[in-house]
Amino acid sequence: MSDIRRKRVSAMCRLVASLMLALLALSSCNRHHGSQGLAVKGRGAMDSTLVIAMLGDADYLNPVLGSTVTSGNIIGLIYPSLLQSEFDTTTGLMNYMALEKKLREVTPGQGKKDPKGALAKSWKMSDDQRTITYILRSDAFWNDGKRVVSGDFKFSYQLYGSPVIASARQQYLAELIGADRGKVDFDRAILTPDDTTLVFRFYKPVPEHLALYHTSLTPLPAHQWKNVKPDEFRHSPLNLQPLGAGPYKLKSWQQQQEIVLASSRSSNLPKPGTIPLITFRVVPDYTVRLAQLQTGAVDVVESIKPEDFTRLLKANRQIEIKTVGLRVYDYVGWSNIDQNEYHKSGKVRSHPLFGSARVRLALTQAIDREAIIDGYLKEYGVICNTDISPSLKWACNERLVPHPFDPARATALLRAEGWLPGPDGILQKQGRKFSFVLYTNAGNARRNYASVIIQQNLRSIGIDCKLDVQEPNVFFESLRQRKLDAWLAGWSIGLEIDPLDVWGSDLDKSRFNFTGYQNPRIDALCELAKQKMEPTGARAYWLEYQEILHRDQPITFLYWMKETQGFSRRIEGEELNISGTFYNIDDWRLRPSANVAL
Amino acid sequence: MLIYILKRLLIAVPLIFGVLTLTFFITRLAPGDPAAFFIQPGISPNVAEQIRAQYGLNDPVPVQYVKWLANVLQGDFGRSFSRAQQPVFDVIAQALPITVTIAGLTLVANFTIGILVGIISAVRQNSFLDRFLTVTFLFFYSMPEFWFALMMIILFALKFPFFPASGLNEIGAEGFGPVEFVLDRLWHLVLPLTVLSINGAAGIARYVRGSMLEVIRQDYIRTARAKGLPEKVVIFKHALRNALLPVITLMGSSLPFIFSGALFIEVIFAFPGMGRVTVDAIFSRDYPLIIASTFVAGSLVVLGNLFADVLYAVADPRIKL
């Protein structure tokens with residue numbers, strides 16, 4: 001090889017090597033985001049860091065704007081809260097706590113949440129239930145040393161209520177003075193006579209538990225945000241530098257990669273976080289999240305599928321699966337009304353297939369719900385009778401007997417309704433075949449599994465059910481516009497019962513009444529229950545409500561699902577609660593990795 | 001040549017503009033609503049309306065188009081709906097370095113391995129080595145990338161935990177020194193780069209093999225051998241240069257890949273690159289971000305083709321532009 005050629009080759013090699021280095025440097029150049037803090041190295045960093053795998057990134061770390069589950073979890077650690085709340089599993093009621101007061105005394109063994117994190121010392125509800133007055137503690141400080149004062153709450157509620165900011169929590173302001181006329185009158189609705197007194201005034205009597213729930217929105221520091229105009233609020237750079245007062249503060253946020261929180265040494269709400277660092281890592285792929293839990297690269301993975309439990313626990317004994325629930329159920333929706341007619345003329349007419357309650361009951365009895373549970377969810381699924389969860393013990397009607405899987409009875413019911421087998425074995429009535437498409441959303445293995453069993457069950461009694469899987473956005477849009485005759489979907493319920501949006505007879509107002517089910521008694525029961533100042537006083541109404549739904553079967557309720565979370569055993573002190581996986585995360589501790597044998 | 005390049009660039013302007021207009025209407029007409037996330041029980045129905053008003057989605061589509069056009073002509077592609085209202089080019093600027101790193105390193109590996117294997121296969125045509133390489137590379141070529149990636153993770157991150165399963169750096173890497181940091185990043189890139197390189201190199205090897213076989217049968221190669229030139233010189237100097245011409249087209253068409261990202265790999269290995277930005281934008285109906293990604297991808301396809309044509313002219317004196 002001549003000298004020139006050798007030089008050329010070596011120059012080329014140098015070029016490629018420098019190109020590769022330059023590329024690496026390019027991708028590494030944004031590594032120092034956020035504040036500098038505790039520097040920890042290599043594997044040892046895991047000893048002081050709890051790693052939580054997330055499906056997606058937080059949208060905002062601002063309580064007024066944050067609307068994803070991840071945002072909610074992180075905001076709960078950074079910002080202070082007026083009250084502490086806890087779900088009492090023995091009654092199914094929410095409890096609210098200030099430093100020196102509780103809404104209700106809890107059953108022994110319950111009530112593990114420490115009220116020291118609350119900003120409120122106590123509250124007083126007026127006799128007419130139209131005013132709630134909080135007394136705030138005077139020793140709470142934002143991370144910059146400024147005191148947390150009642151003015152911060154008034155300022156924050158104005159942000160929550162601003163139509164320009166469009167916070168997803170506007171509904172919480174629905175009872176404040178002025179809201180009945182379309183605009184909250186903040187000067188009259190929220191009063192701050194001094195820094196430690198905060199008064200909320202309502203235009204109507206409000207039950208105490210609801211008043212506590214709606215007035216305990218997370219505050220922002222007014223002194224930090226006061227100069228930000230509402231139309232700049234959503235894209236203000238301050239959103240990337242959250243100023244809180246809770247047990248943790250933001251250390252760094254590399255968008256779509258990870259959020260690192262560091263224990264806030266100065267916090268007394270309730271105390272600095274026990275674990276020095278918490279990293280929320282974005283890992284979009286489910287299989288990879290599982291692999292990372294298995295190798296110990298992450299400590300917590302949510303929503304593990306039941307079919308993976310055995311393999312996971314066998315592969316690594318340092319993993320445990322914890323369950324909590326029941327808040328989520330799947331159902332088959334049947335359009336009760338003729339949607340085409342309703343769209344054309346606005347008239348409500350029974351659906352030609354699913355308009356009759358007897359037909360819907362037959363469909364429920366034709367579906368083998370136990371088989372779906374046994375085949376997929378196993379012990380993590382429970383038959384669902386109505387949309388009031390068995391976890392809400394105070395309201396759940398335990399006398400309801402699930403409709404059994406009984407194809408013979410289903411056939412008899414359909415025959416009584418005039419549906420008789422045609423020459424091809426498919427049921428017919430007045431020349432119309434019992435044939436329809438069951439839609440569901442793409443990307444949900446559980447629903448795919450259930451839909452195939454439903455199709456087989458219905459085919460065995462002479463019903464032709466075709467399956468169609470739609471992209472989630474398209475599916476939701478079709479549901480919202482009431483375009484579908486039958487679908488398989490699910491709901492996650494709130495811990496306060498308020499089902500009028502889903503079952504209300506006014507189809508324009510009840511946006512989520514996709515079936516078009518109408519029953520004036522259901523409307524009346526929901527209204528009567530709302531008027532009770534103590535939730536347990538409405539128990540009789542909710543029992544009747546469930547009996548009606550069980551009888552009318554506006555939809556076929558399939559199963560409740562327990563939420564299943566994978567934890568590394570190096571975490572100690574975690575308590576799962578229906579109100580959230582990370583409800584006592586500030587009390588979790590980590591065992592050092594040396595003790596962890598993989 | 002300069003005039004030719006200028007001409008092509010001028011033609012590209014209406015072409016890209018047409019692509020953007022088409023994208024604008026397709027995204028607006030597709031079912032789905034950017035404010036759909038805010039339509040759920042417990043959220044006031046006003047919120048979705050307020051969000052739509054903020055995004056300017058309550059206007060008729062032609063009015064939205066005129067407004068969009070006015071903004072784009074001033075270089076303003078808008079703010080992302082789904083990513084905290086960041087300007088769309090800021091979102092792209094955050095994702096690009098990661099994508100460029102992965103794709104750049106992949107391309108270097110792709111072409112190096114692909115060309116080498118292609119040459120060996122062609123020179124040793126029909127030998128055991130040729131057949132072995134052909135079958136092996138076809139096996140990897142026909143394997144779906146996402147499946148291959150998952151198998152690599154199961155094998156090398158789970159069964160034999162040599163490499164990390166995902167992420168760009170180790171927990172606590174911000175405390176590392178620069179060298180440690182780069183090494184840690186390289187360690188994280190081993191699995192994804194292997195998946196992408198093996199898959200891509202297989203295709204290139206097939207091209208190079210075919211092209212080499214054609215070239216080494218030419219008269220001038222026979223002449224070179226007849227002159228008594230060593231085989232190395234014949235292959236690398238006379239044959240390879242000519243055989244690489246079709247590969248230049250591949251280089252040009254790889255340019256969009258460098259910037260648009262490898263979606264499956266980015267999702268599986270949790271890299272926040274361009275592929276994920278684009279697909280997340282599509283699923284969340286983030287119109288401004290979809291259009292900006294299309295703009296980047298469209299421009300690169302045009303530039304990539306132009307780049308390939310110019311390289312052709314540079315490499316082959318018979319081609320005049």
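## Helix H9 of chain B

Helices here are DSSP runs of H or I with at least four residues, strands are runs of E with at least two, and both are numbered from the N terminus. This is a predicted model, in which local features need pLDDT of at least 70 and side-chain atom pairs count only at pLDDT 80 or more, while totals for chains, interfaces and linings use all residues. Residues are numbered from 1 along each chain as its sequence is written, and chains are lettered from A and ligands numbered from 1 in the order in which they are written.

Which residues of H9(B) are buried? They are B:Val234, B:Ile235, B:Ala239, B:Leu240 and B:Ala243. Seen down the axis of H9(B), these buried residues fall within an arc of 135°, so they line one face of the helix; the arc is that of the directions from the helix axis to the C-beta atoms. A residue is buried if 20 or more other C-beta atoms lie within 10 Å of its own, exposed if 12 or fewer, and partly exposed in between, with C-beta atoms placed from the backbone. The face turned away from the buried side carries the exposed residues B:Phe236 and B:Arg241. Helix H4 (88-123), helix H7 (178-215) and helix H8 (219-226) of chain B are included in what covers the buried residues of H9(B).

## Chain B overall

Chain B has 13 helices and zero strands. Its C-alpha trace spans about 85 × 55 × 40 Å along its principal axes, and 39% of its 321 residues count as buried. Among contacts in chain B with a separation of 6 or more, residues 24 or more positions apart account for 72%. Two residues are in contact if their C-beta atoms, placed from the backbone, lie within 7 Å.

B:Ile290 sits in helix H13 (residues 287-315) of chain B and is buried, with 24 other C-beta atoms within 10 Å. Leaving out residues up to four places away in sequence, B:Ile290 touches B:Thr23, B:Thr27, B:Ala281 and B:Ile282.

## Where the chains meet

The contact between the chains takes 57 residues from chain A and 56 residues from chain B. On the side of chain A that touches chain B, the largest share, seven residues, comes from H1(A). By class, that side has 25 nonpolar, 22 polar and 10 charged residues. Here Ala, Val, Leu, Ile, Met, Phe, Trp, Tyr, Cys and Pro count as nonpolar, Asp, Glu, Lys and Arg as charged, and the others, Gly among them, as polar.

## Nonpolar cores

A nonpolar core is a set of buried Ala, Val, Leu, Ile, Met, Phe, Trp, Tyr and Cys residues joined through C-beta atoms within 7 Å. Of the 164 residues in the largest one, A:Ile52, A:Ile74, A:Ala120, A:Leu261 and B:Ile92 touch the most other members. The largest share of this core, 16 residues, comes from H4(B). Apart from it lies another core, of 44 residues, among them A:Leu363, A:Ile372, A:Tyr380 and A:Leu414.
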